[in-house]
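Please have the sequence and the structure open as I speak.

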Amino acid sequence: MEYNVIYKMPDALSKKPFTYCPGCHHGIVHRLVAEVIDELGIREKTIIVAPVGCSVFAYEFFNLDGTVAPHGRATAVATGMKRANPDLVVFTYQGDGDLAAIGTAETIHTANRGERVTTIFINNAIYGMTGGQMAPTTLLGMKTTTSPYGRSPEREGYPVHVCEILKELKGVAFLARTKVTTPKDVLTTKKYIKKAFLAQIKNLGYGLVEVLSTCPTNWGVPPIKAMQWLEHNMVVEYPLGVFVDKVGEDK
Amino acid sequence: MKRGYIEIDRERCKGCGLCINVCPQKIIRFSEQFNTKGYHPAEQYDPEGRCTACGFCYMMCPDVCITVYKIVQPVRGDAK
């Protein structure tokens, strides 16, 4: 009997093994971005701007040209690239410590200017690479190495909701929050990532997709339990959905 | 006749178990052997041919080590 390959590694990923921990959702999102790039046929003119964080080597894993920006400044670097070469497709891939903490100014102003760049934002509520410190997106009561008794609103303040902040800005063309814990969510996320890229290609404005992600190592739980914890806690704090969609339903 | 099967890149796999958790037919398990990184990689154990090539394992695999094969359905009328 004859068998056809129906799912395989996308061409936009290099064959290098990922350096992420077992069960980390970075890999799923990497694959989705690569699949979208393949589907849109933009691999030869796409540039990735990697952040500082666990995904600092993201440019190694993609079969794309890319660079690394200083901590938090990925959208600023992407702005320069896009303005110098408007024909290129430029996207940044950032974590919550990068985008929501040190890069708040760059993120908000890039969105407000409506730069034609795309951002994939991985929100795992913790600083992963540096060893599990408290991030701005850490949930209330969550224990991290720098909030060992749990985050309290009096001491550390409340979690930052990036999508809710950005949705009021006029330059944003696509904005959604999603997760990748089930195959259904994976397909939804892929749709959103595609729209975020189309917002840039159609010259509509800034596109951002926030993906709620697990960090089994720093949360201190096995990968499957981490996904359940995400479903029961993070989704409650960070409601999923599309906040801004100027792209529309057509392909 | 098997409707589909998967291949898992043993050296890429980190044994996180997300594919085992999501498989609707429960036909993926941890291998008893180690790979060079020291993980027990996932492997398909499907003696009854229950794999439907749904691709759930591929969608959840964070290390993109799964390739899914699906049987080519003969076009009706071509069987003669």
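Let me begin with a convention: helices (H or I, at least four residues) and strands (E, at least two) are DSSP runs, numbered from the N terminus. What we have is a predicted model, in which local features need pLDDT of at least 70 and side-chain atom pairs count only at pLDDT 80 or more, while totals for chains, interfaces and linings use all residues. Residues are numbered from 1 along each chain as its sequence is written, and chains are lettered from A and ligands numbered from 1 in the order in which they are written.

With that said, helix H5(A) is followed by A:Gly114, whose phi is positive, near 65 degrees. Within H5(A), which spans residues 104-113, the buried residues are A:Glu106, A:Thr107, A:Thr110 and A:Ala111, where buried means that 20 or more other C-beta atoms, placed from the backbone, lie within 10 Å of the residue's own. These four lie on the same side of H5(A), because they cover an arc of only 120 degrees around the axis, the arc being that of the directions from the helix axis to the C-beta atoms. They pack against helices H3, H4 and H7 and strands S6 and S7 of chain A.

Turning to the sheet, chain A has an open one of 7 strands, with mixed pairing, in the order S3-S2-S4-S5-S7-S6-S8; two strands pair if DSSP finds at least two bridges between them. Which strands stand at the edges? They are S3(A) and S8(A), each with a single partner strand, so one side of each is left without a neighbour in the sheet. Inside this order, S6(A) and S7(A) run parallel and are joined by 7 bridges, and A:Arg177 has A:Glu210 as its bridge partner in S7(A).

Finally, the two chains: 25 residues of chain A are in contact with 24 residues of chain B, contact meaning that the C-beta atoms of two residues, placed from the backbone, lie within 7 Å. On the chain A side, the largest share, 5 residues, comes from S1(A). That strand also pairs with S4(B), residues 66-71, in the antiparallel sense over 4 bridges, and the bridge partner of A:Val5 in S4(B) is B:Tyr69.

Terms used
Buried ≥ 20, exposed ≤ 12 C-beta atoms within 10 Å, placed from the backbone.
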